[in-house]
Each structure stands twice: as structure tokens, then as C-alpha cells.
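Trainee: Hi, could we go through this one together? I'd like to see how the pieces pack.

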Amino acid sequence: MVVKTKKGAQSNMDMPSGRLNWLDPTRSRPVQHELDETDFRLMRALVTEGRASDVWLGDNVHLSSTAVARRRKILEETGYITHYSANLNTRALGYGTLVVVSIELMSQAENVLQDFERAVLQSPSMRFCAFVTGDTDFLMILNVQSLEDYDMIYRKELSVLPHVARIRSSFVLREVANRQIAPAILDGRR
């Protein structure tokens, strides 16, 4: 389907296969969207200024505020933008020490992985956890107040996780970079 816009430009609603699909609730059929350079400019602006108004975004990506609102809605509905959040200053909150924890399990059997994953989700100090390849099974990131705080977390949360064979902890001495997203992802090249 090709839709004519006010200025006579065409907008493709049905793209060739391989493009991201989403369900159009008004028609209950898949609709597709192919990202263009303007979408990438909009996403770059939103990554740095998530609370920006449509007017501010329009000035920065060279669109009207109405066009920005329409594109933002499409990016949200297609899942390119999943949510908005605030970046908190963990140091100001008293959690200035970052710990990277490597966890090796006794086995990688499905029930062992599921038990561990269920348990780790109950850990209130866990900020990030991922199942990874290599010499370890899981990587976890924690923000802690101090070495003493980490010792308490280790004893009450980490050491009681099921099926753990080995825990290795690395304390971050200095953050070199902490990006929301790598710039290459939003450079618009495919």
C-alpha cells in the first residue's frame, strides 16, 4: 500500500519481507516500517534527551513537532523504543562501587539454569545478569556502598544462589565509558 502525504510524497506502508512488522490494532493486520535517517536522528536525540518535547526534538531533527510525534509513536509501536527511564546517579545515592561478578554453575542442565535464573531474579542487589559464553556461565553487575556492603551481599544473596560452583568478583576502579547505547547502532548504516 502506498499512501500519499500532503506534499505529494509517498509513504510505503507495506515493505518487502525482512522488515520489522507490528500489528495495526485498527486493521488487525501486520504493518511494516523501515527506518530512515530521520528515524535514526530522532532516536539519537531521544537517547541523549529522553524527556525532550516534540518541539525541541523537531528543532534538532529538522521536522515539525507533529511529524516528530507521529514518528515517535511509530518507533514506540514497532518496538524500536521500548520505554523511557531516568538515569540515576548511583554515587550520589551512596552506591559508588561497581562490582562485576562472574558465576560458574556446577552444570548447564536446563533445570539448573532455570533454578539459578529464578533465584537470581529475587536478588535485590542485582542490577544486571546475563547468561554468557566462555569460562563463566553468568555475569552479574552490582552497585554496592562499600567492601563491607559487598561482603554482606555476598553472604546473604550470592552464596545462597543454587547450583553455584564458583564466584569471582571484580571491582571497577574507574569507569571509562557508560553509554546507554553504542553510537554505531544509531549511525543509520545497515
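Trainee: Which residues are buried in helix α4?
Mentor: In α4, which spans residues 110-120, V112, L113, F116 and V120 are buried. Buried means under 20% relative accessible area, over 50% is exposed, and in between is partly exposed (1.4 Å probe, protein chains only). Keep in mind that this is a predicted model, where local features need pLDDT of at least 70, side-chain atom pairs count only at pLDDT 80 or more, and totals for chains, interfaces and linings use all residues. Numbering starts from 1 along each chain as its sequence is written, and side-chain values use heavy atoms, leaving out hydrogens and water.

Trainee: Let's take L98 in β5. Is L98 buried or exposed?
Mentor: L98 is buried, with a relative accessible area of 14%.

Trainee: What is L98 in contact with?
Mentor: Leaving aside neighbours within four places in sequence, L98 is in contact (heavy atoms within 4.5 Å) with R127, I141, L142, N143, S170, F171, V172 and E175. L98 and V172 are 74 residues apart in sequence, yet 5.4 Å apart in space, C-alpha to C-alpha.

Trainee: New topic: at what angle do α1 and α2 pack?
Mentor: Helix α1 (residues 37-48) and helix α2 (residues 54-61) pack at about 125°, with axes 10 Å apart. That makes α1 oblique to α2. Angles under 35 degrees count as roughly parallel, over 145 as roughly antiparallel, 65 to 115 as roughly perpendicular and the rest as oblique.

Trainee: Which residues meet there?
Mentor: R41, L42, A45 and L46 in α1 meet W56, L57 and V61 in α2.

Trainee: What about α1 and α3?
Mentor: Helix α3 covers residues 65-77, and α1 packs with α3 at about 85°, with their axes 11 Å apart. The two are therefore roughly perpendicular to each other. T38, D39, L42, M43 and L46 of α1 make the contact with V68, R71, R72 and L75 of α3.

Definitions and conventions. Axes are lines fitted to C-alpha atoms, for helices over the stretch in contact, and angles run from 0 to 180 degrees between N-to-C directions. Helices (H or I, at least four residues) and strands (E, at least two) are DSSP runs, numbered from the N terminus.
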